[in-house]
Amino acid sequence: MSHPEPAPSTPRESFGSRMGFVMAAVGSAVGLGNMWRFPYAASEGGGAAFVLAYVFMVFLIGVPIILAEFAMGRRSRRSAIGAVRAMGGRLWTPLGVLFVITSLMVLAFISVITGWVIRYALDGLLFGFSATPGERYADVSTGGLAIVYHLIAVGATVGIVTFGVRRGIERASLILMPILFVLLIGLAVWAATLPNAAAGYRFYLSPSFADVLDPVVLQGAASQAFLSLSVGMGIMITYSSYVSRDQNLGREAVIIALSDFSVAFVAGLVVFPVVFALGLSEEVGESTLGVLFISLPSAFARMEGVGRAVGSAFFITLIVAALTSAVSLLEVVASVGIDQLGMTRRRATLIAGALAAALGLGPALSQSWLGIMDQLAAELFTVLGVLGVAVLVGWAMKNPEGELLEGASPTFARLARVPIFLVRWVAPVVLGLIAWIAVRETIAVLSGSG
Ligand code: PFF
């Protein structure tokens, strides 16, 4: 049972159930990043060794940062900007603003990609996958229809968020996430039966420890972990501001991290066997988006009837993953409008949606825009956001442990100092280094494409 605390001024919305909050947070974490970026990053960055480095980052920094965001959100019961001010003072406002900007940018470009995914799902359902997937991809990813489908994706997100925390976000997550899990497990079982599955697994996971010691690969694993866990963007702050004091935050953070990792890992068990079944492995090296939108559809096309059914299921899974993440990003911005600017939910959601729609026009029309927004928001701003959370909660917020102890089980109560120690001492150092590499990479990308 939940016992919503009285909010500081106006009555605040809340999740209706423990599972509702967990599924909404898992829905946020599980997204295109799991289905598309993780398998690719792992295969490029050292296979099983990358997976180990990734899990290490998730538990060393990711889970403690989720807990830090939870402590801020649940104690302050405010939106991302209100929370950083309440916990750190007005000087911290820029961090809250960074959260809003990052959320809007990520929402804009993932909505563009979601638009493409919707078109592929419709291809599969209505006509079958194209026999010339390269051309199909060029077609889908540019031009007026790319804008139209981007707007459809934003519209669906706005549609869910306007219904509010319980009737919109919670209900959608409770319905959609189990569908995603079932579809993904079904896909992985099917993929295991493909002729060349073992070669696919080998390509995905064969360990190369030399790669993992490369700082750029480590930075890649860390950014992927933050992006995947949806930290550094104000999402976990916002969602936990709707959570009751008797909820065991430690358990929830671990469930979120494990579910997120499992989905990413299993996505790789689907993607690579499919690609290898038809000997398309040479094409995999090209680009992350190439795997998703060229290699996989071409495999589905060649598998004919089965491919069409399975491929449609695959793209529907992607739509679900993307939509529940988009919802959380929009909620960050909408809740700032509601809390800070006194807007109604409807108005705040519509304005935030309109901003994301407009910001997505660039990436809908040009892939290099998309690359730049991805680099800036997903690689750089989220790392800076996580660093900001670590310093704020580690050094400025009063007694963060105290907040984690509320509702804690006896086991977590005994451990609650550990994540705060990591947030205070370990995260700033590791994140400082990662941020430094990310800044240099971003400058290289921007000057390379400028
Ligand atoms: N955490 C989600 C994912 O991994 O797909 C949503 C997301 C967050 C996507 C941040 C992209 C991003 F840069």
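Leaving aside neighbours within four places in sequence, Ala188 is in contact with Val266, Leu269 and Val270. Two residues are in contact if their C-beta atoms, placed from the backbone, lie within 7 Å. This is a predicted model: local features need pLDDT of at least 70, side-chain atom pairs count only at pLDDT 80 or more, and totals for chains, interfaces and linings use all residues. Residues are numbered from 1 along each chain as its sequence is written.

**Ala188**

- Ala188 sits in helix H8. Helices (H or I, at least four residues) and strands (E, at least two) are DSSP runs, numbered from the N terminus.
- Ala188 counts as partly exposed, because it has 17 C-beta neighbours inside 10 Å. The cut-offs are these: a residue is buried if 20 or more other C-beta atoms lie within 10 Å of its own, exposed if 12 or fewer, and partly exposed in between, with C-beta atoms placed from the backbone.
- Ala188 and Asp374 are 186 residues apart along the chain, and their C-alpha atoms are separated by 28 Å.

**The whole chain**

- The chain has 22 helices and zero strands.
- Its C-alpha trace spans about 60 × 50 × 45 Å along the principal axes.
- Buried residues make up 57% of the 450 residues.
- Take the contacts in the chain with a separation of 6 or more: residues 24 or more positions apart account for 85% of them.

**Helix H8 against helix H16**

- How do H8 (residues 164-192) and H16 (residues 304-341) cross? Their axes come within 9 Å and cross at roughly 145°. Axes are lines fitted to C-alpha atoms, for helices over the stretch in contact, and angles run from 0 to 180 degrees between N-to-C directions.
- H8 passes H16 in a left-handed crossing. A crossing is left-handed if the near helix is turned anticlockwise from the far one by less than a right angle, and right-handed if clockwise.
- On the H8 side, the contact includes Ile169, Leu176, Leu183 and Trp190. On the H16 side, Val310, Phe314, Thr317 and Glu331 are among the residues involved.
- The residues of this contact divide into 17 nonpolar, three polar and one charged. Here Ala, Val, Leu, Ile, Met, Phe, Trp, Tyr, Cys and Pro count as nonpolar, Asp, Glu, Lys and Arg as charged, and the others, Gly among them, as polar.

**Around the ligand**

- The shell around the ligand holds 13 residues, and Gly31, Gly33, Ser230, Ser325 and Ala378 come nearest. A residue is near a molecule or strand if its C-beta atom, placed from the backbone, lies within 6 Å of it.
- H2 (32-44), H5 (93-127), H11 (215-229) and H19 (367-396) each supply at least two residues of the shell. The largest share, three residues, comes from H2.
- The shell divides into seven nonpolar, six polar and no charged residues.

**Two residues with positive phi**

- Most residues other than glycine have a negative phi.
- Ser230 is not a glycine, yet its phi is positive, at about 60°. Ser230 lies in the loop between H11 and helix H12 (235-240). It counts as buried, because it has 30 C-beta neighbours inside 10 Å.
- Glu304 also has a positive phi, near 55°. Glu304 lies in helix H16. It counts as exposed, with 11 C-beta neighbours inside 10 Å.

- Val386 lies in helix H19. It has 29 C-beta neighbours inside 10 Å, so it counts as buried. Not counting residues up to four places away in sequence, Val386 touches Ile65, Phe226, Val231, Gly232 and Leu431.
- Trp36 is found in helix H2. It counts as buried, with 24 C-beta neighbours inside 10 Å. Trp36 and Phe293 are 257 residues apart along the chain, while their C-alpha atoms are separated by 9.9 Å.
- Ala253 is found in helix H13 (residues 249-277). It has 27 C-beta neighbours inside 10 Å, so it counts as buried. Ala253 and Val63 are 190 residues apart in sequence and 6.1 Å apart in space, C-alpha to C-alpha.
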